[in-house]
Amino acid sequence: MTGFNEDTPVSPRRLLVTGAAGFIGSNFVRYWCSRYPQDRVVVLDALTYAGNRENLAELEGRDNFRFVQGDICDRPLIDNLLATEHIDIIAHFAAESHVDRSILGPGAFIQTNVVGTFTLLEAFRHHYHSPAATATPTKLFLHVSTDEVYGSLGPDDPPFSETTPYAPNSPYSASKAGSDHLARAYFHTYKVPTIITNCSNNYGPYHFPEKLIPLMCINMLLGKSLPVYGDGENIRDWLYVEDHCSALDAVIHRGQPGETYNIGGNNEVKNIDLVRLLCGIMDELAPDLPVRPCEKLITFVKDRPGHDRRYAIDATKIKTELGWTPSVTVAEGLRRTVAWYLSHRPWWQPLLSPEYQAYYRQVYL
Ligand code: NAD
Ligand code: DAU
């Protein structure tokens with residue numbers, strides 16, 4: 001066990017959360033601060049194109065919250081934060097996270113995902129073994145990773161378990177696989193308490209427009225075509241982001257250092273079916289749409305190179321060992337998500353910047 005107590009925390013825990021101006025990290029920090037308000041949360045984020053301080057707006061100004069703009073590759077900065085903030089837990093979300101961008105330019109993925117994770121692990125190793133830190137020995141490095149490291153499943157293959165061999169197929173998943181191996185090695189070699197989580201596709205509020213679900217919601221609201229890659233038969237296992245946060249909570253409090261936990265929603269859906277579901281919900285919820293029904297906007301476009309066919313997670317271990325199960329059905333989660341994009345135009349409109357448009361043209365035109 002990690003030694004952290006969720007029911008009666010003896011003293012406030014001090015977390016360094018990397019990448020928390022992004023999608024999942026910002027949802028996690030909001031979740032954590034509302035559940036454990038006594039804890040101190042320090043966010044470290046470089047504010048790349050995917051990072052947005054607006055995602056944390058409701059936490060800014062709280063006593064127990066601090067935002068630091070900086071790079072996870074900056075070792076002196078991390079050493080300083082770990083020491084001066086007396087950090088107990090690193091929850092490491094920072095990454096380059098979009099597969100299509102990794103195909104266009106893999107260099108940033110190697111730098112942030114591999115070199116950045118290495119830099120954090122090195123800093124944490126020294127912090128963990130420092131005399132000041134050993135006086136309060138309960139510490140944890142939570143490495144948040146992805147199911148994509150396991151590669152692609154055939155239609156009849158069993159879902160990914162924690163013992164499935166790694167077989168990453170994109171520069172993104174290869175860089176995440178490299179970072180997972182480092183997190184594992186630091187436990188075995190240096191006895192640094194690391195835990196790795198491999199989660200399936202998340203969705204929900206604050207998801208950057210480039211990813212499938214927000215892209216489809218926004219394009220429907222703008223009356224733009226809905227680009228489905230290839231034949232649309234690729235399968236993903238969808239998990240509402242709040243359920244990912246509650247799974248990470250269970251791992252932080254009840255997980256075993258040195259272990260890996262797969263996290264998934266048991267919601268395998270073909271892309272084309274998902275897009276049709278979103279169209280139906282949008283038709284129902286949106287009062288005025290440029291094009292209706294939204295299905296008229298579906299367009300099949302050229303496939304993603306190396307596109308993984310199917311992902312599916314076997315989440316038996318986290319269920320039986322840590323007592324976690326997801327609570328939001330895909331029908332409910334998609335409805336909440338569509339409603340969020342419908343009511344948060346001021347959040348997403350500025351993200352469709354000239355840089356974003358240039359990226360969009362590169363992938364889709
Ligand atoms: P995201 O792209 O929305 O956010 C990434 C954040 O990291 C951004 O705020 C960005 O500014 C920050 N960042 C990037 N490079 C940095 C650097 N060098 N230093 C500091 N900050 C940096 O990503 P996300 O979808 O929220 O994913 C978060 C983590 O969860 C990633 O590690 C990803 O691999 C993993 N994951 C994502 C999913 C998913 O479906 N989105 C599923 C499983 C696992
Ligand atoms: O499985 C977890 C992973 O899920 C995370 O590790 C990644 O960070 C996250 O981006 C996500 O990766 P995917 O590549 O699965 O997500 P994306 O939203 O980009 O695409 C989902 C599926 O939809 C995939 O099969 C590709 C397809 N797609 C995507 C886009 C953006 C389309 O058909 N059209 C699109 O325009």
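This is a predicted model: local features need pLDDT of at least 70, side-chain atom pairs count only at pLDDT 80 or more; totals for chains, interfaces and linings use all residues.
Residues are numbered from 1 along each chain as its sequence is written, and side-chain values use heavy atoms, with hydrogens and water left out.

Select the strands (DSSP runs of E, at least two residues, numbered from the N terminus), and you will find an open sheet of seven, ordered β3-β2-β1-β4-β5-β6-β10 with parallel pairing, where pairing requires at least two DSSP bridges between two strands. Because β3 (65–69) and β10 (260–263) stand at the edges with a single partner strand each, one side of each has no neighbour in the sheet.

Now select residues 14–18 and 40–45, which are β1 and β2, joined in the parallel sense over five bridges; Arg14 has Arg40 as its bridge partner in β2.

Next, turn to ligand 2, where 24 residues lie around the ligand (a heavy atom within 4 Å), and Asp147, Tyr172, Arg304, His307 and Tyr364 come nearest. Look for polar contacts (N or O atoms within 3.5 Å): oxygen atoms of ligand 2 lie 2.7 Å from an N or O atom in the side chain of Glu148, 2.7 Å from a polar side-chain atom of His307 and 2.6 Å from an N or O atom in the side chain of Tyr364. Finally, show β8 (226–229), which gives the most to the shell around ligand 2, with three residues.

Conventions: Chains are lettered from A and ligands numbered from 1 in the order in which they are written. A polar contact is a pair of N or O atoms within 3.5 Å; within protein, one must be able to donate a hydrogen and the other to accept it, and residues adjacent in sequence count only if both atoms are side-chain atoms. Helices (H or I, at least four residues) and strands (E, at least two) are DSSP runs, numbered from the N terminus.
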